[in-house]
Amino acid sequence: MKTSTVIKIAFALTIPAYIWQGFVFSKMWKWFIAPSFGVGQISVAAGVGLMLLCSMVTNRGSKSSDGDDSNYGILGSAIGTHFAYPALVLVIGFIASRFMQ
């Protein structure tokens, strides 16, 4: 796959990835932070903002290479980081939230 194609795909997936991560963040907030600390729920937009702030503060955006510098490896790593990992967090968080009742 050409590098320019990978860049175009990455840009096309950026906004949906942040919205997805903001959704997951807002669900985690609803399930854990709101009941534990007695605060209100947050919107997906607030979740996106807080998730971006956390990413910036923790410097999550700069990861070391895992050795696969091919275009497929880079794209696969980005999809795993921005879509699959939040999905896993959502599933595990949902299960854990059932024990907080």
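Analyst: Let us start with a definition: a residue is buried under 20% relative accessible area, exposed over 50%, and partly exposed in between. Please keep in mind that this is a predicted model. Trp 20, at 25% relative accessibility, therefore counts as partly exposed.

User: Is Ser 97 buried or exposed?

Analyst: Ser 97 has 4% relative accessibility, so this residue counts as buried. Ser 97 belongs to helix H3, which covers residues 71–97. When neighbours within four places in sequence are left aside, Ser 97 is in contact with Trp 31 and Phe 32. For the protein as a whole, 21% of the 101 residues count as buried.

User: Which elements make up the protein, and in what order do they run?

Analyst: There are three helices and zero strands. Read from the N terminus on, the order of the elements is α-α-α.

User: How does one describe two helices that pack together?

Analyst: Two packed helices are described by the angle between their axes and by the distance between those axes. Here, helix H1 (residues 3–37) and helix H2 (residues 44–58) have axes that come within 7 Å and cross at roughly 100°. Angles of 65 to 115 degrees count as roughly perpendicular, and H1 and H2 are therefore roughly perpendicular to each other.

User: Which residues make the contact between H1 and H2?

Analyst: On the H1 side, they include Tyr 18, Ile 19, Phe 23, Phe 25 and Trp 29. On the H2 side, Val 44, Val 48, Leu 50, Met 51 and Leu 52 are among them. Sorted by class, the contact of H1 with H2 has 11 nonpolar, four polar and no charged residues.

User: How many aromatic pairs does the structure hold?

Analyst: The structure holds two aromatic pairs. In one of them, Trp 20 and Phe 23 are stacked, with 5.9 Å from centre to centre and 20° between the planes. Ring planes under 30 degrees apart count as stacked. Both Trp 20 and Phe 23 lie in helix H1, three residues apart, which is about one turn of the helix. Phe 23 has a relative accessible area of 30% and is therefore partly exposed.

User: What can be said about contacts and surface across the protein?

Analyst: Among contacts between residues at least 6 apart in sequence, 69% join residues at least 24 apart. As for the surface, the protein exposes about 6900 Å², and carbon and sulfur atoms supply 70% of it.

How values were computed:
Residues are numbered from 1 along each chain as its sequence is written. This is a predicted model: local features need pLDDT of at least 70, side-chain atom pairs count only at pLDDT 80 or more; totals for chains, interfaces and linings use all residues. Side-chain values use heavy atoms; hydrogens and water are left out. Axes are lines fitted to C-alpha atoms, for helices over the stretch in contact, and angles run from 0 to 180 degrees between N-to-C directions. Helices (H or I, at least four residues) and strands (E, at least two) are DSSP runs, numbered from the N terminus. Angles under 35 degrees count as roughly parallel, over 145 as roughly antiparallel, 65 to 115 as roughly perpendicular and the rest as oblique. Contact means heavy atoms within 4.5 Å. Ala, Val, Leu, Ile, Met, Phe, Trp, Tyr, Cys and Pro count as nonpolar, Asp, Glu, Lys and Arg as charged, and the others, Gly among them, as polar. Rings of Phe, Tyr and Trp (its six-membered ring) pair if their centres lie within 6.5 Å; planes under 30 degrees apart count as stacked, over 60 as edge-to-face and the rest as tilted. Buried means under 20% relative accessible area, exposed over 50%, partly exposed in between (1.4 Å probe, protein chains only). Accessible areas come from the Shrake-Rupley method with a 1.4 Å probe; for residues, only the protein chains shown count as cover.
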